[in-house]
Amino acid sequence: MTENVGPIDASQNPRYSGIATFARLPRIEDVPRADIAVVGIPFDSGVSYRPGTRFGPSHVRESSRLLRPYNPAQDVSPFAIAQVVDAGDIPVNPFDITAAVNEVESAALALGEQVSRIVTIGGDHTVALPLLRVVAAKHGPVAVLHFDAHLDTWDTYFGAPITHGTPFRRASEEGLIDLTASCHVGTRGPLYSKQDLEDDERLGFSIVSSEYIEEHGVEAGIQRILQRIGDRPLYVSIDIDVLDPAHAPGTGTPEAGGLTSRELLRILRALSATTIVGADVVEVSPAYDHAQMTGIAASHVLYELVTLLAAQLARD
């Protein structure tokens, strides 16, 4: 097997030069084979408040220039043990949500024939629905670990059934998720009514709220998460607004009282023994960001996910 192609060497080529791929990795067309693909979906037509996440993929890539090849927290060199590539962006219809969702599903299916795992940069959370359709078609109903300030299991907005606030209700109704093993993490803030929580439980989710982690600690939250997801195939979906606005101001629907970036990274690293079959990081809206704070947080979250997947593929 040929040696994996890693990031551009920053000691030979300044980090601020050249095309911004994720972590300065090779493009998919520049290598003979790939194991893990990072792909962008520049789409935000499903948002209900502040727009701008269509520019998220390019912002996260620019913010990822400082990432390095060795991950000491996980003691893994992900780009050495797996061929990780940047697969560019999936072009989708910005005027028709149904068409966009179908385009994402088709493109992800095609990309899945080239690589073992896909990690997606959003875009708004609408894109989780077609991505879940793709992984469920291959693995059956999957456990969903959903990091978010919000439940995203609401029904409709202005009569529209597919928006960034509804993907997990639709996924549950379509039989894409394991109703006994899925979990929200970091939810907080006001709801429309208590019925939202009752509906959410019926749709298959348990909740480890931001308040729970504050009161009981990160380790207690991790134990609840691991117990809930068990050994099922796992899809990890991360809305960057799970972080407090102090850590991630650049998002469309910020809520006070969120996780710190350190807490989120710690929880992700605890997933090392799970079987992750896909992941996304969504809702980065660079127009509201400051000094790349949100983009940097998102790029490090993606880096941890890629590390987990690379280590998993190496074990397999």
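**View 1. A23, a buried residue with positive phi.** A23 is buried, at a relative accessible area of 1% (buried means under 20% relative accessible area, exposed over 50%, partly exposed in between; 1.4 Å probe, protein chains only). Its phi is positive, about 55°, although A23 is not a glycine. Most residues other than glycine have a negative phi. A23 sits in the segment before strand 1 (36-41). Helices (H or I, at least four residues) and strands (E, at least two) are DSSP runs, numbered from the N terminus. The model is predicted: local features need pLDDT of at least 70, side-chain atom pairs count only at pLDDT 80 or more, and totals for chains, interfaces and linings use all residues. Residues are numbered from 1 along each chain as its sequence is written, and side-chain values use heavy atoms, with hydrogens and water left out.

**View 2. A291, an exposed residue with positive phi.** A291 is not a glycine, yet has a positive phi of about 55°. A291 counts as exposed, at 73% relative accessibility. The residue lies in the loop between strand 8 (275-282) and helix 10 (293-315).

**View 3. The cis peptide bond at G122 and G123.** The bond joining G122 and G123 is cis, with omega about 15°. Most peptide bonds are trans. G123 belongs to the loop that runs between strand 3 (117-122) and helix 4 (128-139).

**View 4. Helix 4 and its end.** Helix 4 has 12 residues and reaches 16 Å from its first C-alpha to its last. That is close to the 16 Å expected at 1.5 Å a residue (the expected span is 1.5 Å times one less than the number of residues). The helix is mostly covered, with 9 of its 12 residues buried. The buried residues are A128, L129, P130, L131, L132, R133, V134, V135 and A136. Just after helix 4, G140 takes a positive phi of about 80°.

**View 5. Y235 in strand 7.** Y235 lies in strand 7 (residues 233-239). Y235 counts as buried, at 2% relative accessibility. Neighbours within four places in sequence aside, the contacts of Y235 include L131, L132 and V135 (contact means heavy atoms within 4.5 Å).

**View 6. V76 in the loop between helices 1 and 2.** V76 is found in the loop between helix 1 (56-63) and helix 2 (78-81). V76 is buried, with a relative accessible area of 11%. Leaving aside neighbours within four places in sequence, V76 is in contact with P69, Y70, N71, I81, T307 and A311. V76 and L308 are 232 residues apart along the chain, and their C-alpha atoms are separated by 8.7 Å.

**View 7. The chain as a setting for the close-ups.** The chain has 10 helices and 8 strands. Of its 316 residues, 57% count as buried. The C-alpha atoms fill a box of roughly 55 × 45 × 40 Å, taken along the principal axes. Residues 24 or more positions apart account for 77% of the contacts with a separation of 6 or more.
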